[in-house]
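Welcome to a short tour of one chain, written for someone who likes to look at the structure while reading. Please keep the viewer open as you go.

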Amino acid sequence: MKRSLLIAFCFIFSAIATQAQQPGGADAAYVKDNYTKFEYQIPMRDGKKLFTSVYVPKDQTKKYPFMMDRTCYSVAPYGVDKYKGSLGPSPQFLHDGYIFVYQDVRGRWMSEGIYEEMTPELEVHKTNKDVDEGTDTYDTIDWLLKNVANNNGKVGVWGISYPGFYTTTALLSRHPALVAASPQAPIADLYRDDAFHNGAFMLVANFGFYPGFTNRQDDKPTQRRAKGFNMGTDDGYRFFLDMGSMRNSNVKYYKDTIRLWNEMMDHPDYDQHWKDRNVLTHLHDIKTATLVTGGWYDAEDLYGAINTYKVLAQKNPTTPVYFAMGPWVHGGWARGAGDHLGDVNFGGPTGPFYREKIEFAFFSHYLKGTPLDMPKVSTFETGVNQWKTYKTWPPAEAGEKNLYFLPGGKLSFTAPAAGKDDYKEFVSDPMNPVPFWDGKTDDMQREYMTADQRFAEKRPDVLTYQTDVLDKDVTIAGNIWANLKVSTTGTDADWIVKVIDVYPDSTSANKFTGKEIKMGGYEQMVRSEAMRGKYRNSFEKPEPFVPGKVTPVSFELQDVLHTFKKGHRLMVQVQSTWFPLIDRNTQQFQDIMKAKDTDFKKATHRVYSSKLHPSFLKMRVM
């Protein structure tokens, strides 16, 4: 389905996060009948004021905790007589009674100040001028406790994606009244989450996002929404090929008018600009109970959810830290059934279970004192489609194994035997890149993360390796590391690794299967990732390849919980282009963001599979 990324973002963050109903719906009527809306400009310690909407229950016979969502996506609608269609993370909260708080963060919409993307957090705040999202949250909570009547002195914070980041920084406020927080799909490291995956630029997602996101670049509050970019075609593959090199994004289209876009173009390496935007380094001395939520098929902030949990659990061992991961896309747990993605069936609804038994139960316990019987880790195991609970993630039961590439395109948990230095090679042509999606799209189709990869296997510039038919189930639980031994005739190259579940030929269609799709032999992508080769040893200091020299390239494919069932095969595909999901590598050692159209060169790449130069995936197997 054709879909604008900006529209999708607005839907997720303005509607999904609040479970908004259509005007006149049951929830909308309930909000107006049972809540009074107030609007405030809350002063921060440096004098700036942040626009805040507060919805207070009309029933004042009891005290209520706060539920707060801080956002860069607007707290609209504006005006005390204009109400949201629903309140809170889900309708359960609306009907249970909370004081709901929505705030435009500093520099966005109706709040004062200059916006910084993923505001750098400070470890020390010496003066009132030393402000960040943590101090803004602290000042907001302090003001609310003193100025909103009938509160019970407890605050909960939640948010998805960017608001997930603001929820993480709420933890850094370390305000004693903040007793519960749920960062959901939080951006944790802007370089790694949304901008560059192992140095490869996430082209289609960012190009479609920033024109509509940049509604203001000064300190003047405004309700104005920016216009999104119109490609004039639904063929993004052709559009970006015609655009040419990355520098043409400004030469042809943006004309250096988008500050946040230029910050990415000017910082392709992991320099101080990005280090300042890694919130994970600050997640120590946290006392607030935390529920980290993410989706296995989140194309934007999978890294943020997994690593926010891991760092919080490691650095704060006495703090209650919970982790929930389901078979969801970005924000998919906040609404809908969560019963499938594309052609892949998850066996039934998963979203309602999360919203009631995990999210609502968590906040109700810490804010209202209700009983809680919830495991620390609740994860959905794809492949067999069932919820699993653990004490920690990754599970202690999972042991590391190597899955080796073998001559002839085989995969095996047995290492290659002695023999000749075997390899497979292909020509990578930046002018004919491998598409990430089988069909026309002008967006980052969220379904690509489970999509059938048979279209890619047919190409000569995609290498394929697979196991024999499995004689028993194989369950992977945790992160996957690609360990490749490669060579190239160029001085730089991208390496994309895709882990795939190959269905038996006898597999029947399910109720979600597309009309033109045959599930027999379906090649479901389970996990995939890119690596810009020049960053193989350091994201700060790129290094060229020596043409023809066998070189190790290792990178993380992130976590999964997936069972490859008996009768299936486990497949790995390796390629060097993935367009326009990521930008094209010129295959020369240079600053690709400044490259010219004439800099793109063909190159021949080899992937080795021998005892002398083994290529393999390191994974955790149950």
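How many aromatic pairs does the count come to? The count comes to 62 aromatic pairs. Here rings of Phe, Tyr and Trp (its six-membered ring) pair if their centres lie within 6.5 Å; planes under 30 degrees apart count as stacked, over 60 as edge-to-face and the rest as tilted.

Before going further, a word on what you are looking at. This is a predicted model, in which local features need pLDDT of at least 70 and side-chain atom pairs count only at pLDDT 80 or more, while totals for chains, interfaces and linings use all residues. Residues are numbered from 1 along each chain as its sequence is written, and side-chain values use heavy atoms, with hydrogens and water left out.

**Confidence and overall form**

The pLDDT (the predictor's confidence in each residue, from 0 to 100) averages 94 for the chain, and 96% of the residues score at least 70. Over residues 1–23, however, the pLDDT is below 50, and this stretch has 63 contacts in the model beyond near neighbours in sequence. A contact means heavy atoms within 4.5 Å. Where pLDDT is low, the predicted coordinates should not be read in detail.

The chain has 14 helices and 25 strands. These are DSSP runs numbered from the N terminus: helices are H or I with at least four residues, strands are E with at least two. For 622 residues, a compact globule would have a radius of gyration near 25 Å, and the chain agrees with its 25 Å. That radius is taken over C-alpha atoms, and the globule rule is 2.2 Å times the number of residues to the power 0.38. Along the principal axes, the C-alpha atoms fill a box of roughly 80 × 55 × 50 Å.

Buried residues make up 63% of the 622 in the chain; buried means under 20% relative accessible area, exposed over 50%, and partly exposed in between (1.4 Å probe, protein chains only). Among contacts between residues at least 6 apart in sequence, 78% join residues at least 24 apart.

**Helix α5 and its ring pair**

Let us return to the aromatic pairs with one example. Y162 and F165 form an edge-to-face pair, because their ring centres are 6.2 Å apart and their planes stand at 70°. Both residues lie in helix α5 (residues 162–173), three residues apart, about one turn of the helix. Both Y162 and F165 are buried.

What of the rest of α5? The helix is mostly covered, with 12 of its 12 residues buried. The 12 residues of α5 reach 17 Å from first C-alpha to last, close to the 16 Å expected at 1.5 Å a residue; the expected span is 1.5 Å times one less than the number of residues. Just after α5, R174 takes a positive phi of about 55°.

Helix α7 (residues 203–213) is also mostly covered, with 10 of its 11 residues buried. Among them are N206, F207 and Y210.

**Charges over rings**

A charge sits over a ring if NZ of Lys or CZ of Arg is within 6 Å of the ring centre and within 35 degrees of the ring normal. Here are two cases.

| Charged residue | Ring | Distance from ring centre |
|---|---|---|
| K84 | Y102 | 4.7 Å |
| R536 | F545 | 4.1 Å |

**Backbone details**

The peptide bond from W393 to P394 is cis, with omega near -5°. P394 has its place in the loop between β14 (386–390) and β15 (399–406). Another cis peptide bond joins F579 and P580, where omega is about -5°; P580 sits in the loop between β23 (569–575) and β24 (603–608).

D285 has a positive phi near 55° and is found in the loop between α11 (272–275) and β9 (289–295). Q558 has a positive phi near 75° and lies in strand β22 (residues 551–564). Is Q558 buried or exposed? Q558 counts as buried, at 4% relative accessibility.

**Around Y404**

Y404 is found in strand β15 and is buried, with a relative accessible area of 14%. Leaving aside neighbours within four places in sequence, Y404 is in contact with residues including K410, F413, P614 and F616. Y404 and A181 are 223 residues apart in sequence and 42 Å apart in space, C-alpha to C-alpha.
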